[in-house]
Amino acid sequence: MSILVGTDTRLCVSGITGSEGTFHSLRNRDYGTDVVGGVTPGKGGQDVDGIPVFNTFHEAVDKTGANTAMIFVPPRFAADSILEAEDAGVELIIAITEGIPAHDELRVFNTLKKNGRSRLVGPNCPGILSPGKANVGIIPATFFKPGNVGVVSRSGTLTYQIGNVLAQQGFGNSTIVGIGGDPVPGTDFIDVIGMFQDDPETELIVMSGEIGGDAEERAADFIAEHVTKPVIGYIAGFTAPPGKTMGHAGAIVSGSRGTAKAKAEALEAKGVRVGRTPTEVAQAAVALLGGAS
Amino acid sequence: MDLLEYQGKQLFARHGVPVPAGKPARTVKEAVEAAEEIGYPCVVKAQVQIGGRGKAGGIKVARNREQAEQHAQAILGMDIRGLTVYELWIETASEIASEYYASVIFDRSAKAPLVMLSTKGGMDIEQVADEDPDAIARLHVDPLLGFQDFHGRRLAYEARVDADVVRGVGAMLAKLYDTFIAEEATLVEVNPLIVTPDREVKALDAKVTLDGNALFRHPENAALRDPSQEDPQEQMAKERGLTYVKLDGDIGILGNGAGLVMSTLDVVAQAGGSPANFLDAGGGSKAEAITSAVEVILSDPKVKAVLFNIFGGITRCDEVARGLIEAFDQINPTVPFVVRLDGTNDVEGRALLAEAKLPNVHAESTMDGAAAKVVELAKAAA
C-alpha cells in the first residue's frame with residue numbers, strides 16, 4: 001500500500017500544454033502514472049503526446065474518469081483551476097504552483113472544507129511520489145525506491161536531500177508527500193501522518209518542517225495522541241532572523257512565534273526524535289529500524 | 001511587504017477608516033509646508049517600521065512654524081534602533097479620551113481572519129495577551145461570509161468599550177476588515193485606536209502588511225517603498241529575480257530550494273560558521289542565474305568564503321557548474337568557494353569543475369563535509 005497516489009490514480013493535468021506542464025506530465029507518465037488527460041481552456045480537442053486535452057475539468061472528468069488533478073497553471077489562475085477541479089468532483093487535487101495570493105488560498109481552503117468532497121495537497125509543493133506506483137508532480141523519482149519509510153515535508157529539495165541520505169542507508173519509501181511551503185496548505189502534517197499511521201506498508205514516519213506557523217506543534221500533539229509508529233522530525237531555519245520570509249511564503253518567524261527552536265522542542269517534548277541535520281535524521285532512522293529493510 | 005505608518009493611513013483613508021489629516025515629507029522644507037497647511041498643533045512623526053518611536057524622540061508635537069522646523073530637523077536622519085529616518089508624516093494633533101487596540105490578522109493556524117479588539121490600547125499587545133488575556137476580545141470570521149455588523153457589536157461589547165462608542169467602534173472594525181480583504185493584507189493593526197473627547201473614533205497609528213504574492217493585482221501598492229529597509233544586496237537580488245535575504249555573517253550561501261538553503265544555513269552555523277545570506281537559486285536554475293547570484297553574494301564586502309550546496313532534482317548539477325565557471329570568467333572572485341554537487345547530473349558537474357581548474361574552488365561530496373570546509377576557509381581568511 002501507499003497513500004494518496006498509487007496504481008488507482010487517474011491523473012488530469014491543468015496547464016498540460018505549458019512547457020513545464022508538458023515536461024512533467026510526460027515524466028509522470030514515463031514513470032508509470034496513468035495520465036488520462038489535461039485541461040487548457042481553448043485547446044480542447046488537441047493532445048499532448050497522445051494525452052487528450054479538454055477545455056474544462058467537467059468534460060475531462062466525464063470523458064476520462066479522472067480522480068486526481070495536478071495544477072500547473074500560473075499563480076493568478078491557480079485558485080480558479082483548483083475550484084474548477086473541485087466543482088467537477090475530482091477527489092484529490094495536487095497544486096504545484098508557487099506564488100498564489102494568500103487570500104486566494106484562504107477562499108479555496110474554506111470552500112473545499114465546507115463542501116467536504118476534495119482534498120487539496122499544496123500549493124507550492126513538489127507533489128506526491130509512491131515509489132514503483134505513481135509519481136504526481138516534480139519529485140525526481142530516480143533517488144527513491146519502494147520501502148517502508150513515509151516522508152512528509154514542507155520543502156521539495158530538502159525532501160530529496162533527506163530521502164537521498166535515507167536511500168544511501170538502504171531505506172525505501174512507501175510514499176513521499178510534499179505539503180508545500182505556503183501559509184495555507186490544503187493538507188497539513190497531521191492529515192498525512194494520520195494516513196501513514198493507517199498505512200500497513202509504512203513502518204517509520206519522517207516529517208520535515210520549517211519555521212513559520214504552528215503546524216509542527218499541532219503535529220506533535222497529534223502524534224502523542226494518535227500515532228504508535230516511530231516518527232523522526234527535522235526542522236529547518238534555526239538561523240532565520242525574525243520578520244524575514246525565507247524563500248517559502250510560509251517560512252517566516254513572526255515576533256517570537258514560529259521559531260525552529262520552539263518547534264523542535266514541541267516535538268521532542270512529545271517524544272519525537274528530532275535530527276539536527278538531514279544526516280542525523282537518517283542515522284536516527286537506522287537506529288530505530290535496525291538497519292536497512 | 002510591511003508598510004510605513006503613513007502608507008497604511010493612506011490605504012485606510014481610501015477605505016473610509018477615519019484617520020487624522022496628514023501629509024508625508026522628505027525634507028525640512030516639505031515638513032514645514034505640510035505643517036503650515038495642516039495647522040497647529042500638529043505632530044511630526046518619524047516613519048520607520050519599529051516600535052518605541054515616541055520614546056526614542058521620533059514623535060514630537062509642534063505648536064508653531066519654528067517648532068515644526070526644529071522637530072523636522074532633529075528627526076530627519078535620526079537613527080531609531082538601527083533604522084535611519086528618511087521620511088516624516090505630519091498630521092493634525094488629536095485629543096485623546098481613550099486608547100483602544102484593534103487588528104485583523106491572517107490567522108494561518110485557524111485558516112481564517114482573526115479580528116481582535118481591546119481597551120488596553122497604546123501598549124505592546126503581546127504583553128497584554130500574556131498578562132491579561134481576557135482584556136482582548138477575539139473573533140474568527142468565516143472568509144466565505146465576511147464581516148457582519150453583529151461581529152462588530154459582539155467584539156465591542158466583549159471588549160467592554162464605552163457604551164456610546166459601540167456603534168462607532170463596530171463600524172471601524174468593519175472598515176478595517178474591508179481594508180484587509182480589498183488590499184489583500186496579512187495584517188491590519190491600529191494601536192492606538194482613539195476615542196476623542198467629542199466621541200469620534202479614529203486610527204492614530206497604522207501597521208499594515210501586504211501579501212507580496214498579491215501585488216500583481218495592486219500595482220499602486222507594489223510601487224510603495226521604505227528606504228530605511230532597503231539593503232543594497234537585497235535590492236540588487238530583487239531586480240534580478242533572486243530570492244535573497246541578507247544576514248550578519250561572512251559565509252556566502254547559495255543553494256536550490258528554500259528548505260535546503262535554510263537547512264544549509266543551520267548546518268553551517270552548527271559547524272561554527274556565520275552565514276552572510278540566504279539565497280535560493282530556485283528549481284531548474286540555469287547557468288546565467290548562477291552567475292547573477294554569485295555577483296549578488298560577492299557584492300557584500302563581508303563575504304570571506306562561499307558555499308554552494310546543490311541537490312539536483314529539476315536543477316541539473318552540470319548547469320550549476322557551467323554557471324560557476326562562467327561567473328569566474330566574468331568576475332574573477334578572490335574568495336574561496338566550496339561546492340557540493342549531488343543529485344541530477346552530479347558526475348558531469350563535478351567533471352566540468354575539475355576540468356576548469358578554477359582557482360580556490362573546493363569540491364565536497366556531502367553537505368556536512370562542505371559546511372565544515374567552508375567554515376575552516378572563512379576562519380583562515382578572517
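Among contacts in chain A between residues at least 6 apart in sequence, what percentage join residues at least 24 apart? The share is 73%, where two residues are in contact if their C-beta atoms, placed from the backbone, lie within 7 Å.

The model is predicted: local features need pLDDT of at least 70 and side-chain atom pairs count only at pLDDT 80 or more, while totals for chains, interfaces and linings use all residues. Residues are numbered from 1 along each chain as its sequence is written, and chains are lettered from A and ligands numbered from 1 in the order in which they are written.

Chain A contains nine helices and 14 strands; helices (H or I, at least four residues) and strands (E, at least two) are DSSP runs, numbered from the N terminus. The radius of gyration of chain A is 18 Å, close to the 19 Å that the globule rule gives for 293 residues, so chain A is as compact as a globular protein of that length. The radius is taken over C-alpha atoms, and the rule is 2.2 Å times the number of residues to the power 0.38. Of the 293 residues of chain A, 58% count as buried, that is, with 20 or more other C-beta atoms, placed from the backbone, within 10 Å of their own.

In chain B, four strands form an open antiparallel sheet in the order S1-S6-S2-S3, two strands being paired if DSSP finds at least two bridges between them. The edge strands, S1 (22-25) and S3 (59-62) of chain B, each pair on one side only. From one strand to the next, the twist averages 20°. Helix H1 (residues 5-14) of chain B packs on this sheet, touching S1, S2 (42-46) and S6 of chain B, and its direction makes about 145° with that of S1(B). Such angles run from 0 to 180 degrees between N-to-C directions, with axes fitted to C-alpha atoms, for helices over the stretch in contact.

Between the chains, 42 residues of chain B are in contact with 46 residues of chain A. The largest share of the chain B side, eleven residues, comes from H9(B). That side divides into 20 nonpolar, twelve polar and ten charged residues; Ala, Val, Leu, Ile, Met, Phe, Trp, Tyr, Cys and Pro count as nonpolar, Asp, Glu, Lys and Arg as charged, and the others, Gly among them, as polar.

The largest nonpolar core has 143 residues, and Ile71(A), Ile94(A) and Val374(B) have the most contacts inside it. A core is a set of buried Ala, Val, Leu, Ile, Met, Phe, Trp, Tyr and Cys residues joined through C-beta atoms within 7 Å.

Conventions: A residue is buried if 20 or more other C-beta atoms lie within 10 Å of its own, exposed if 12 or fewer, and partly exposed in between; C-beta atoms are placed from the backbone.
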